[in-house]
Amino acid sequence: MLIRPRRNRKSAVIRNMVQETHITAANLIFPLFVIEGTNVQSEVTSMPGIYRYSIDNLLREIEQCMELGLQAFDLFPNIDESLKDKYATESTREGSLYLRAIAEVKSRFPEACVVTDVAMDPYSSDGHDGIVENGEILNDETLEVLGRMALAHAQAGADIIAPSDMMDGRIGHIRSVLDNNGFTSVSLMSYTAKYASAFYGPFRDALNSAPKHGDKKTYQMNPANQREALIEAELDMREGADFLMVKPALAYLDIIKLLGDKFELPIAAYNVSGEYAMIKASARNGWLDEQRATMEVLTGIRRAGATAILTYHAKEVLEKKWL
């Protein structure tokens, strides 16, 4: 008997009926950039459609997103250069931009899930994720800064704290700090497998957070390595992570699949700025169909095993009813 798989592709109704992978608003986390000022909405030139928002406009943007069904937001701060120093002290200063943003979003939208970024680079005069001494990134000394930063975020109202620094032992240290201060219900979404990628350029433009010297290859992972991700994931799970994240997503679908198969924790994937920019640039040049390309990318990430996708496409796909 001749088997004909095409019978299940013959109409849109049947194709939808047998579709294996689905994306909903619940799977999406929208990264948002916050900047000081009033009534500021400054477009990131390398990321068309993505803006840096002052807190008043950030609240308006989140309100619009929630009306579309989007309820999870990852906030990133654009800090004035004059406030940056070696020890990222601005990250924990009472009344700082980022802490005010977290508190105001949670006050205005208590039902929203606020994810926060823990890393020194937005606040560091060196532009690195750790304390720099004589050109070396200090691991254990940095953990103290990250712990204080995470605690400040929890006190401001963060639901999920996402350490993105790739220092060894960060999850265990932050979990201990949070638990010892009564924040046992605050989740940790670890950037478990964060690769030293070429796809971060537009993000660093958005935050003005590129390293002032050197690169991040001594703490971010080698793009050629797969088994190393298993080591990082095992450590993060033991130390108390609630989510394991892979970043970037597109060139690392095998890593998403690998961690999803090996570990019971939810897997997140960051569809990063460079991946977003590639689709936008190609679509603007008429080289591909933006809707189809975007949905193919997001479906591929979901199909690989990501439960949550951090993506700059999040609002657009809901607004344009692409899901």
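Predicted model: local features only at pLDDT ≥ 70, side-chain atom pairs only at ≥ 80, totals over all residues.
User: Which side chain does Arg 108 meet in a salt bridge?

Analyst: Side chains of opposite charge can pair when their charged atoms come close. Here Arg 108 meets Glu 63, at 3.5 Å from N to O. The pair links distant parts of the chain, 45 residues apart. Arg 108 sits in helix H3 (residues 97–108), Glu 63 in helix H2 (residues 55–67). Glu 63 is partly exposed because its relative accessibility is 33%.

User: Which residues are linked in a network of salt bridges?

Analyst: Lys 280, Glu 290, Glu 316 and Lys 320 are. Within it, Lys 320 and Glu 316 come to 2.9 Å between closest N and O atoms. Glu 316 has 12% relative accessibility, so it counts as buried. Lys 320, at 43%, is partly exposed.

User: Which residues form the negative and positive surface patches?

Analyst: A patch takes residues with over 30% relative accessible area and no salt bridge. The negative patch is Glu 136, Asp 140, Glu 141, Glu 144 and Asp 168. Helix H4 (residues 139–156) gives the largest share, three residues. Asp 168 lies in the loop between strand E8 and helix H5. The positive patch is Arg 4, Arg 6, Arg 7, Arg 9 and Lys 10. Arg 9 precedes helix H1.

Definitions and conventions
Residues numbered from 1 in each chain as written. Heavy atoms only, no water. Patch = residues over 30% accessible without salt bridge, like charges linked within 9 Å, V, L, I, M, F, W, Y side chains within 5 Å. Areas by Shrake-Rupley, 256 points an atom, 1.4 Å probe, with all protein chains shown as cover. Salt bridge = Lys/Arg side-chain N within 4 Å of Asp/Glu carboxyl O. Lys, Arg positive; Asp, Glu negative; His and termini not counted. Charge placed at Lys NZ, Arg CZ, Asp CG, Glu CD. Helix = DSSP H or I, 4+ residues; strand = E, 2+ residues; numbered from the N terminus. Buried < 20%, exposed > 50% of the residue type's maximum accessible area, 1.4 Å probe, protein only.
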